Number of protein chains: 2
Amino acid sequence: MAEDREQIEALIELMARLPGLGPRSARRAVLHLIKKRGALMGPLAETMAAVAANARECLTCGNVGTETTCEICRSVKRATGEICVVEDVADLWAMERAAVFRGRYHVLGGTLSALDAVGPEDLRIPKLEQRIEDEGVTEVILALAATVDGQTTAHYIADRLEGRGVSVTSLAQGVPVGGELDYLDDGTIGAALRARRAF
Amino acid sequence: MAEDREQIEALIELMARLPGLGPRSARRAVLHLIKKRGALMGPLAETMAAVAANARECLTCGNVGTETTCEICRSVKRATGEICVVEDVADLWAMERAAVFRGRYHVLGGTLSALDAVGPEDLRIPKLEQRIEDEGVTEVILALAATVDGQTTAHYIADRLEGRGVSVTSLAQGVPVGGELDYLDDGTIGAALRARRAF
């Protein structure tokens with residue numbers, strides 16, 4: 001509609017490529033940004049440019065940070081014998097928010113998926129095997145999603161690590177904290193029953 | 001969790017302030033941006049900085065653009081006698097996408113709202129009155145939302161413009177195109193019946 005709206009249109013188009021935003025919500029976000037161009041849009045553009053320039057993946061575990069070795073892999077406070085295998089960085093952050101794991105991580109960068117044609121060579125599995133040798137790892141904790149793809153990947157990794165002298169464990173399945181039986185799916189109830197423990 | 005994640009955390013916090021994004025979806029968006037930092041994050045930061053620097057509101061109608069008078073107000077192709085009053089710029093864009101109105105706009109910047117303490121002095125109503133005088137306006141079309149606040153605002157403006165020699169109209173209410181009666185609320189069906197026309 002307007003030559004002087006070209007820049008704004010370009011911004012809407014770029015924003016619409018973010019996950020969770022469509023063309024409509026991108027327009028709304030851009031109008032909000034324009035309204036708050038001093039307080040929000042300026043700082044956001046600046047911070048985004050800085051992160052775009054500085055962010056990189058940790059060469060060891062695949063976490064994101066501003067160094068080639070991430071904070072967790074650098075930390076002397078984190079146990080080196082345990083590696084928690086996660087699908088992506090969001091899962092690593094979720095584990096860190098729970099603050100219950102003091103070892104190190106390994107980000108696969110996805111799960112095996114026949115549909116999306118993701119094979120073992122697309123994930124960071126060889127690097128995991130190398131780390132097990134190099135870091136003297138004794139336990140690999142598979143913290144993968146309880147989905148078909150997640151569990152397929154878990155089984156594949158467990159198979160590949162057999163005979164390497166590491167114990168391979170996975171997160172327990174069961175009733176989530178605060179969960180009411182009435183609202184749980186049958187699969188979860190079944191898994192919780194099979195894994196029942198002495199009270 | 002990490003000093004080198006401070007920048008990334010700051011970016012997530014800023015992104016979470018966008019309408020439609022919460023902390024969780026902001027994290028997801030930022031991880032997506034980091035993955036595509038060359039193809040998406042760089043251009044987005046650049047475009048956002050450019051818009052933040054250049055975007056301004058049209059002093060006449062309140063539309064956004066890069067000049068102090070927007071493309072529509074500058075255009076000699078747009079009729080000057082008709083002003084379409086809308087609540088915000090998103091509504092103006094919606095009207096423009098429909099491409100059915102060839103006059104000019106006036107963006108109120110909100111609706112009257114007792115709850116949010118928005119009074120007439122907070123909207124751009126005096127500017128509308130001034131434009132009616134200056135531009136020789138003959139028709140003011142109230143394209144406000146069919147909500148309580150929208151209609152209160154419409155009635156208020158209609159009252160204020162009485163005796164100024166402009167005809168004040170509003171968008172028709174009725175069955176939306178493609179709408180099925182069975183799925184319409186009672187209010188819409190009532191409005192459509194009251195406004196029935198010869199077939």
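Modeller: Before we start, contact here means heavy atoms within 4.5 Å. And keep in mind that this is a predicted model.

Colleague: Got it. Which strands of chain B does helix α6 lie across?

Modeller: Helix α6 of chain B, residues 125-134, lies across β3, β4 and β5 of that chain. Its direction is at about 155° to β4(B).

Colleague: And what's the strand order in that sheet?

Modeller: The order in chain B is β4-β3-β5-β6. It's an open sheet of four strands, with parallel pairing.

Colleague: Why is one side of β4 and of β6 left without a neighbour in the sheet?

Modeller: Those two strands of chain B, β4 (104-107) and β6 (167-170), stand at the edges and have a single partner strand each, so one side of each has no neighbour in the sheet. As for the twist, the average is 25° from one strand to the next.

Colleague: How many bridges join β3(B) to β4(B)?

Modeller: Four, with β3 (residues 82-86) and β4 of chain B running parallel. One of the residues to look at is B:V86, whose bridge partner in β4(B) is B:V107. Helix α5 of chain B, residues 89-98, packs on the sheet too. That helix touches β3 and β4 of chain B, and its direction makes about 160° with that of β4(B).

Colleague: Over to chain A. In which sense do β3(A) and β5(A) pair, parallel or antiparallel?

Modeller: Parallel, over four bridges, between residues 82-86 and residues 139-142 of chain A. There, A:V85 has A:L142 in β5(A) as its bridge partner.

Colleague: Which helix makes a β-α-β unit with β5(A) and β6(A)?

Modeller: That's α7 of chain A, residues 148-161, and the unit is right-handed.

Colleague: New topic: at what angle do α1(A) and α3(B) pack?

Modeller: About 145°, with the axes of α1(A) (residues 6-15) and α3(B) (residues 37-54) 9 Å apart. The crossing of these two helices is left-handed.

Colleague: Which residues meet there?

Modeller: From α1(A) they are A:Q7, A:I8, A:A10, A:L11, A:L14 and A:M15. On the α3(B) side, those they meet include B:L40, B:P43, B:L44, B:M48 and B:V51. By class, this contact has eleven nonpolar and three polar residues, and no charged ones.

Notes: Residues are numbered from 1 along each chain as its sequence is written. Chains are lettered from A and ligands numbered from 1 in the order in which they are written. This is a predicted model: local features need pLDDT of at least 70, side-chain atom pairs count only at pLDDT 80 or more; totals for chains, interfaces and linings use all residues. Side-chain values use heavy atoms; hydrogens and water are left out. Two strands pair if DSSP finds at least two bridges between them. A crossover is right-handed if, with the strands pointing away from the viewer, the path from the first strand over the helix to the second runs clockwise. Axes are lines fitted to C-alpha atoms, for helices over the stretch in contact, and angles run from 0 to 180 degrees between N-to-C directions. A crossing is left-handed if the near helix is turned anticlockwise from the far one by less than a right angle, and right-handed if clockwise. Ala, Val, Leu, Ile, Met, Phe, Trp, Tyr, Cys and Pro count as nonpolar, Asp, Glu, Lys and Arg as charged, and the others, Gly among them, as polar.
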